[in-house]
Amino acid sequence: MTLAQPAPVSAAAGAILPGVRWALVRDLRIALRSRAELGVQLLFYVIVVALFPLSTTPERTLLSTMGPGVLWVAALLASLLSLPRLFAGDYADGTLEQIALSPYPLGALVSGKILAHWLTTGLPVALLAPPLGIQYAMDAESLAILTAALLIGTPILSLLGAIGAALTLGLRSGGSLLALLILPLYVPVLIFGAGAVDAARSGLGAGANLSLLAAGLCIALVGAPFAAASAVRIALD
Amino acid sequence: MLEAHELAAHRGHSRLFEGLSFRLETGHALVVTGANGTGKTTLLRMLAGLSLPAAGEIRWNGDVVAPFDPLVRAAIAFAGHAPALKDELSAEENLVALVALAGESVPRESIRAALDDVALGPKRALPARVLSQGQRRRIGLARLSLLKRPLWILDEPVTALDAAGIAMLAGMVAKHVARGGTAVAATHVPLGLPDAHVRSMTLA
């Protein structure tokens with residue numbers, strides 16, 4: 001092959017799914033090789049949840065009222081704790097430049113990274129909710145609704161968090177700024193997520209809360225990868 | 001063909017360079033030299049499409065290209081200061097991932113042959129964490145040799161390389177240029193290219 005001709009635009013240009021797959025597979029493989037770090041984040045979540053019954057009251061009705069809220073706040077903090085990892089490593093070792101220069105759409109590569117982030121942090125957090133909820137004397141129905149809300153809500157945390165993580169790349173106090181930037185955006189997710197169990201208990205049914213969470217997830221799915229991709233480009237300039 | 005027209009770069013309020021123009025025909029290499037802080041990396045990042053010039057335009061094969069232009073992304077092999085390796089992955093896995101990220105599919109035998117060529121064959125299963133800086137750079141050389149990209153942008157490519165590594169790099173650039181490729185490198189080490197195909201530029 002001679003290189004003198006103008007380069008044909010690569011077949012990879014515009015290929016969304018292979019781009020998502022590349023980032024997903026690579027990030028999952030790296031996460032599996034650094035399991036200790038993931039374990040620390042989950043342990044943090046478990047400990048935060050366990051501290052509340054110890055520090056407040058063993059009274060069952062009170063515990064079962066505050067349980068969903070505590071689990072949601074702990075999930076938020078666990079997500080926040082893991083967010084700097086999303087882009088900072090790739091930024092420091094030069095991979096992010098190669099990602100931005102790849103013929104694959106940057107939004108697709110970023111989506112793959114966000115999906116890997118959710119699979120390694122949000123999903124375990126949601127799956128750990130039922131055993132942790134037992135500490136709060138929650139009944140089976142409440143636990144099911146809480147887990148469903150976390151399954152719909154934690155991807156929103158990863159998607160919104162990715163925008164913040166990309167915006168704070170390269171800043172000296174990026175971690176604390178990220179918390180200030182992202183926690184207010186997490187508030188609606190927290191309200192509808194934690195409110196789902198309350199709504200079911202009061203007889204209103206959790207449907208409305210879960211639907212609103214799902215609508216939020218749809219909006220975040222469409223918008224967040226592109227916003228995060230733009231923020232990555234700004235960080236590299 | 002890579003052209004720059006009246007490029008300017010600012011850092012804060014100070015000017016790095018202004019009115020920088022050049023034209024690099026296919027089959028030529030441009031060697032950029034200059035003291036530290038004169039804007040070599042900034043220029044290379046502009047040419048790679050990572051940074052927006054403060055003024056001026058860049059043309060690739062006659063088309064004006066903006067930062068992150070798909071035309072450039074399909075044509076470029078960029079090697080920056082950091083070698084883009086993941087400590088957790090082995091040398092071979094890193095190389096496979098980087099080649100796949102560039103949208104090219106290369107058979108596993110070619111990947112291993114490229115690692116053999118840069119004398120990393122016996123170390124291909126080791127995690128990048130335990131490789132020396134020079135060995136990490138050599139993975140970058142293997143990547144350059146595997147990617148079929150017409151435009152190479154190399155920022156300080158000889159950093160941490162030993163004499164054999166520098167000779168490998170020079171050989172690769174010479175071969176690339178001879179095949180009709182274009183290369184821009186910021187380096188102070190002579191790459192031993194035939195003079196007729198090398199342009200030099202010193203930033204001040």
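The model is predicted: local features need pLDDT of at least 70, side-chain atom pairs count only at pLDDT 80 or more, and totals for chains, interfaces and linings use all residues. Residues are numbered from 1 along each chain as its sequence is written, with chains lettered from A and ligands numbered from 1 in the order in which they are written. Helices (H or I, at least four residues) and strands (E, at least two) are DSSP runs, numbered from the N terminus.

**Helix pair in chain B**

- Helices α5 (residues 133-146) and α6 (residues 163-178) of chain B pack at an angle of about 15 degrees, with axes 11 Å apart.
- That angle makes α5(B) roughly parallel to α6(B) (angles under 35 degrees count as roughly parallel, over 145 as roughly antiparallel, 65 to 115 as roughly perpendicular and the rest as oblique).
- Axes are lines fitted to C-alpha atoms, for helices over the stretch in contact, and angles run from 0 to 180 degrees between N-to-C directions.
- From α5(B), the contact draws on G134(B), R137(B), R138(B), L141(B), L144(B) and S145(B); α6(B) supplies G165(B), M168(B), L169(B) and M172(B).
- Two residues are in contact if their C-beta atoms, placed from the backbone, lie within 7 Å.
- The residues of this contact divide into 5 nonpolar, 3 polar and 2 charged (Ala, Val, Leu, Ile, Met, Phe, Trp, Tyr, Cys and Pro count as nonpolar, Asp, Glu, Lys and Arg as charged, and the others, Gly among them, as polar).

**Contact between the chains**

- Chain B gives 36 residues to the contact and chain A gives 31 residues.
- On the chain B side, α2 (70-75), β6 (76-79) and α3 (91-101) are the elements that give two or more residues.
- The largest share of that side, 5 residues, comes from α2(B).
- The chain B side divides into 21 nonpolar, 10 polar and 5 charged residues.

**Helix α4 of chain A**

- In α4 (residues 85-92) of chain A, R85(A), L86(A), F87(A), D90(A) and Y91(A) are buried (20 or more other C-beta atoms within 10 Å of the residue's own; exposed is 12 or fewer, partly exposed in between; C-beta atoms are placed from the backbone).
- Their cover includes α3 (60-82), α5 (95-101), α6 (106-134), α7 (140-167) and α9 (207-236) of chain A.

**I114 of chain A**

- I114(A) sits in helix α6 of chain A.
- I114(A) counts as buried because it has 29 C-beta neighbours inside 10 Å.
- Leaving aside neighbours within four places in sequence, I114(A) is in contact with S158(A), L159(A), A162(A) and P225(A).
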